[in-house]
Amino acid sequence: MNHGHRKDNTKPSRCLFLTVLSKKMLSTLQSPRSLSRFPSRYTLCTLTAQSPPSTSPPPPPPHSQILSIRHSLLSRRLSAAQLAESYLTRLRLTEPHLKSFLHVSEDAVLQQAHRLDQMIASSEELGPLAGVLVAVKDNICTADMPSTGGSRVLEGYLPPFDATAIRKIKDLGGIVVGKTNLDEFGMGSTTEASAFQVTANPWDISRVPGGSSGGSAAAVSARQCVVSLGSDTGGSVRQPASFCGVVGLKPTYGRVSRYGLMAYASSLDVIGCFGSSVADTGILLHAISGHDRLDATSSNREVPDFASRFDSVDLLESKPLKGLKVGLIQETLDDGVDNGVISVIRGAASHLEELGCSVTEISLPSFSLGLPAYYILASSESSSNLSRYDGVRYGNQVAADELNSLYGDSRAKGFGPEVKRRILTGTYALSAGYYDAYYKRAQQVRTMIRKSFKAALDENDILISPAAPSAAYKIGEKKDDPLAMYAGDIMTVNVNLAGLPALVLPCGFVEGGAAGLPVGLQMIGAGFDEENLLKVGHIFEQTLENCRFVPPLIEHDDTPW
C-alpha cells in the first residue's frame, strides 16, 4: 500500500478535526479508580459444581450446533433439507424485525441440502461442516451472491470469485445462507452507516446490534443460521458479539486469508467468526484458517486442531484452569465504563479464580493512546484502499461530460457520510504538512502498544477486559455524535494494532430491554495462541449457570433447531 506524502496547501486550522478527535477520545479515559461495590441492577452468572473426573470416552462438547447437526445427519434422525427448512422458517419469521440480511438465497440453500441428503443416502463421506448454514458479512466476496460492502457504490456487484474463507467453507460442506448487513465498508459500530438498512438487536429491537458486523452477530443470536463470518478491523466482531450475547473470535493477523475481503485498513483487517458457543466458533475458525498463496500476509504456521481442546465439563477437575495466569487490564475499568459492565467483568474474574486461575490487575500505560492512533491509521489506509472506487476501475458509474466530474460524482453519490469522513481524515493525515505529526506518530504509538502487550503476555497467559464500555444502546442514540461512537471502540482497537487474537463470550447481563442486555468478556492471547483462548473460553462457558443467552425474540420458538 502506498502511503506517500500528499501535498496540501491548506492552513493549519484544517487539522482541527484530528485534534478534537484525539482529545475527545482521550477524555473518556481517566485514571483508574478504586473498586466499586456491585450494583444491584445486573446479573452475574455463577459457577457450576463439577463432577469427579470420569474414565469413560469423552462425549462431544455440549451446546455445539455443528456437532449436533452432524450427529443428526449421520444417524438419519433428521435430513439436511429438514434442518435447512427449520432455519429458513425462523429466518422468515424474525427477519422483518431484525433486518440482519441484505441477501438470502433460499432456493440455493434447499438445493444444496437436497444434494447433501443424496450423498448421505449413497453413504458418501461428509465434510465437517456438512449441513451447517453459514451467514457471511457482505464485505466478503461470494461468486453466487451479490457483495456490496454495504455501499451504494457497489450495489448489484456480483464478484467472479469466492473469497478463500468462503471456498474453504464450501469445500467442507458448509451452506452459505446469505449476506449480512454491515456499516458501509466496515466503517461504523452500529450498522446505522449501512447504505441499505439498520439491523436491530435480537435482545431488544430498539437497540443496535453493534458493528460493523452487526448483521452477522444478530443472525447467530436469533438462530437464523448456525455460525457466521464477520470482519474485524478495530473490534467489528467482538463488540457486536458482546451486544448480541454470542461468541466472537478475532484471530491473529495472518491466521486467516484476507483474499476476497474488501479492504478497509489492510494492516488491521481480519476475517473473524461468530457462533452460539465457543466450540462452534473454534470449529469454524479451524475450517477457514491456513496459508493461502493468494494472500501475501497469510501465515504458513500449522493450524492446530482446536476441537481437541473442547473437553466436557464432566471430565474436568475441580480446578481445571489451575496455574493459569490472568491479567485484568486496569485501564478498561475506568470512569468511562458503565458500572454494571464493570461489575459483571469483576464477577467473571472471580469465576476464573474459582476455576483455579490466578487473576491480578495489570496496567498498560499506552492503552489510552490506542484509540486516536487507530483512527488515524485506519482512516489513512482507507483513503488509499477506497480510491479504487471511482466509477471506472470499480464501483457504479454516474454519467458525466468529463472525467473529473465522473470521478467526483460517482464517489459523491456512491459513498455515505461516514466513509467520506474517514477518507477525508485519512487523506489529511497523509498530506505532506501533517504526515509526521499524525501518521508517523500513530505508527510509533502502535509500536509502543505492541511492546506493552508483549510484556504483559510474557507475565500472563491471557489478558481480560470488557468487550465494550456499555451494553447495547438505542438506535440513533449516537448517530449524530461520531466521536462518542468512536470512543466505544476503546476496548478493542489495541488488539488489532498489536495483531493479537481475542475471544469474546457472554458472561452476564445488565438491566435493559425485556430480559436484560448481555455483556461480553474479552480474552486476549499471545499471537497464534487461539488454541489456549478457546480452551479457556470453553471451560468458562460450560461452568456458567443462571445465564441463558437466548434472546426473547426466539425464546418460545417451537422449530426443532
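Cys 141 is buried, at a relative accessible area of 6%, where buried stands for under 20% relative accessible area, exposed for over 50% and partly exposed for what lies in between, with a 1.4 Å probe and protein chains only. Cys 225 is likewise buried, its relative accessible area being 0%. A search of the whole structure for disulfides finds zero, a disulfide being taken as a pair of cysteine sulfur atoms within 2.5 Å.

The model is a predicted one, in which local features need pLDDT of at least 70 and side-chain atom pairs count only at pLDDT 80 or more, while totals for chains, interfaces and linings use all residues. Residues are numbered from 1 along each chain as its sequence is written, and side-chain values use heavy atoms, with hydrogens and water left out. The pLDDT, which is the predictor's confidence in each residue on a scale from 0 to 100, averages 90 for the protein, and 88% of the residues score at least 70. Over residues 1-15, however, the pLDDT is below 50, and this stretch has 33 contacts in the model beyond near neighbours in sequence, a contact meaning heavy atoms within 4.5 Å. Residues 47-61 also have a pLDDT below 50, with 33 contacts beyond near neighbours in sequence.

The open spaces come next. On a 1 Å grid over the protein atoms alone, a pocket is an open set of points with protein on both sides within 12 Å along at least five of seven lines, a cavity is a set where a 1.4 Å probe fits but cannot get out, and lining residues have an atom within 4 Å of a point. The largest pocket has a volume of about 720 Å³, a volume being the space filled by probe spheres set on the points, which are joined across faces, edges and corners. It is lined by 24 residues, of which His 63, Arg 223, Ser 276, Phe 549 and Val 550 are the closest to its centre. The lining of this pocket divides into nine nonpolar, nine polar and six charged residues, with Ala, Val, Leu, Ile, Met, Phe, Trp, Tyr, Cys and Pro counted as nonpolar, Asp, Glu, Lys and Arg as charged, and the others, Gly among them, as polar.

The second largest pocket has a volume of about 410 Å³. Of its 19 lining residues, Gly 260, Leu 261, Met 262, Ala 263 and Arg 388 are the closest to the centre, and the lining comprises twelve nonpolar, four polar and three charged residues.
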